[in-house]
Amino acid sequence: WADPGRFVALLTSEDGGPQWRESAPGRPCARWFGLDDAGVPRVLPVGPAACRAAVLLRVDGWEITADFPPYETGAPYPGPLVAHKDDRRMTLDASVLQAHVCGRHLYWLSQPGLPAQRGDLLRWAPGADRVERLTIGGDGLRHAAAPPRCVNGVLNVLTTVDGARRLWLLPSP
């Protein structure tokens, strides 16, 4: 699908369907694509912040990006996670893993540790002035959450503490 001299990367499945980034060596800006209703690839209308983004999400008129692709900078995870809308710009987190829109919020794993990829579960409501740190299962499980998943409108989070695993579900997120 990529134009000659360009390559496709960062294929994701978002609420609107699959999307991906197309870039080329030596070019400072990438283009984002998605499939239209007929399954035809179309360039997504994005702001300048999406140019080098490793993460691109859109919710309620906000464009959310994580600006440092790990394969280009050597960083283990994308970051910072930034929300953009009109003239507003809000940094949500410095380093993130698996940002997802689920229900009325954006969820992600904050400051994930290597190699287990565990961290704190955070969420943000589009337009809110602050980010909320969720304490699933109590404060004892902080830094123990695995990357969140949104399945059929239910947020799923796995925690592992002292070898014990537990699945937490948050319906109507």
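Helices (H or I, at least four residues) and strands (E, at least two) are DSSP runs, numbered from the N terminus. This is a predicted model, in which local features need pLDDT of at least 70 and side-chain atom pairs count only at pLDDT 80 or more, while totals for chains, interfaces and linings use all residues. Residues are numbered from 1 along each chain as its sequence is written, and side-chain values use heavy atoms, with hydrogens and water left out.

1. Gly119 lies in strand β11, and it counts as buried because its relative accessibility is 2% (buried means under 20% relative accessible area, exposed over 50%, partly exposed in between, with a 1.4 Å probe and protein chains only). Between Gly119 and Ala144 the C-alpha to C-alpha distance is 5.5 Å, although they are 25 residues apart in sequence.

2. Rings of Phe, Tyr and Trp (its six-membered ring) pair if their centres lie within 6.5 Å, and planes under 30 degrees apart count as stacked, over 60 as edge-to-face and the rest as tilted; the count comes to 2 aromatic pairs. Trp20 and Phe33 are stacked, at 6.0 Å centre to centre with 5° between the planes. Because Trp20 belongs to strand β2 (residues 17-23) and Phe33 to strand β3 (residues 31-35), this pair ties together parts 13 residues apart in sequence.

3. Trp62 and Trp124 form an edge-to-face pair, 5.2 Å centre to centre and with 90° between the planes. The pair links distant parts of the chain, with Trp62 in strand β6 (residues 62-66) and Trp124 in strand β11 (residues 118-124), 62 residues apart, and both Trp62 and Trp124 are buried.
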